Amino acid sequence: MKIVDLAYLALYGVLKFLVWCLPYRALMILSRGIACVAYAFNFKHRKIIKANLRFCFPEKSEAQIKQITRNTYKNFAKFAFDMLKNQNATKERIKELVSFDDISIIQKAFESKRVIVFITAHFSCWELIPAIYASYFGAISVVSRTLDSKVMNEKLINARTKHFDVELIDKVGGAKKMLAAIKNGRALGLLPDQDASDSESLVLEFFGKKVNWNVGASVIAKKTNALLLPAFVYQKGDKYAVRCFEPMDASTHSKEELTLYQAKCCEEMIRAKPDEYFFFHKRFKRFYNEIYG
């Protein structure tokens, strides 16, 4: 085992132990402490977050940008602990933890017997999405990137699939597996919100700026005449909620329309809760790399 894998495994073990032995209130105090330290010393990502926020929200003051950035660190420290705490959650526990703004949207899509292609984003505790769907509706396959650390990737797979009918598909070369999953009656979930290569994306407007947006979900939806359904987890009080947008019928909309709809739904969620989006990466570097200088 590589030294870096041992380091990851040791850190994971320490965090799991803390989650197991500390009461939740103490965990939240710890997460806020970690967030404060990270905000103070993680200059690289603090700068990236602020650049993204200034770019997306030019109307906000520097004081507001600073506060949103602080809250982003606090939120993602909390999400990390919540993810660890709920790795062994049962379906009943997931239903206690998460509510729906309007569950009828997804119920109607499910009852239609149409193929469902979910899209979400790196928003809030997005790791809960597969468990939520599996708890309420059944089998789902999720497209994700394999972690660089093999040992941690195995931990992730086990955590995601232990109590639920969730299948993980590597995004690299995963098209055939995606279609096979759909053929077997499974819903499909993707996260298309990060930058993508020119060959697998469309250029569109996101916060009024040009970005590359991955077309994978749109292509799969068109091939299978699916309902494309955007769904996002967000914090609601001390628990989580899911907001589902109305599904878009891929049989009556173009690839371009489907892709633009994904971006618009994602933008709407970020505008509502900018401190719950994973703005740690250089989302706009393809066309506006100068903002990160």
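Start with helices α10 and α11: α10 passes α11 in a right-handed crossing. Keep in mind as you click around that this is a predicted model. For α10, select residues 216–224; its axis and that of α11 are 9 Å apart, and the two helices pack at an angle of about 135°. Angles over 145 would count as roughly antiparallel and those of 65 to 115 as roughly perpendicular, so α10 and α11 come out as oblique to each other.

Now show side chains at the crossing. On the α10 side, pick Ala 217, Ser 218, Val 219 and Lys 222. Their partners on α11 are Lys 255, Leu 258, Thr 259 and Gln 262.

Stay on α11 and jump to Glu 267, which lies in this helix. Is Glu 267 buried or exposed? Its relative accessible area is 11%, so it counts as buried. Bring up Phe 206 and Phe 207 too: Glu 267 touches both, leaving aside residues up to four places away in sequence.

Next stop, the rings. Colour Phe, Tyr and Trp if you like; the model has 24 aromatic pairs. Zoom in on Phe 76 and Phe 280, whose ring centres are 5.7 Å apart with 85° between the planes, an edge-to-face pair.

Which residues make up one aromatic cluster with Phe 76 and Phe 280? Select Tyr 39, Tyr 73, Phe 79, Trp 126, Tyr 240 and Phe 278 alongside them, and you have the cluster on screen.

Centre on Lys 60: its charged end sits over the ring of Phe 57, 5.3 Å from the ring centre. Then move to Lys 95, whose charged end sits over the ring of Tyr 136, 5.1 Å from the centre.

Conventions:
Residues are numbered from 1 along each chain as its sequence is written. This is a predicted model: local features need pLDDT of at least 70, side-chain atom pairs count only at pLDDT 80 or more; totals for chains, interfaces and linings use all residues. Side-chain values use heavy atoms; hydrogens and water are left out. Rings of Phe, Tyr and Trp (its six-membered ring) pair if their centres lie within 6.5 Å; planes under 30 degrees apart count as stacked, over 60 as edge-to-face and the rest as tilted. A charge sits over a ring if NZ of Lys or CZ of Arg is within 6 Å of the ring centre and within 35 degrees of the ring normal. Axes are lines fitted to C-alpha atoms, for helices over the stretch in contact, and angles run from 0 to 180 degrees between N-to-C directions. Helices (H or I, at least four residues) and strands (E, at least two) are DSSP runs, numbered from the N terminus. Angles under 35 degrees count as roughly parallel, over 145 as roughly antiparallel, 65 to 115 as roughly perpendicular and the rest as oblique. A crossing is left-handed if the near helix is turned anticlockwise from the far one by less than a right angle, and right-handed if clockwise. Contact means heavy atoms within 4.5 Å. Buried means under 20% relative accessible area, exposed over 50%, partly exposed in between (1.4 Å probe, protein chains only).
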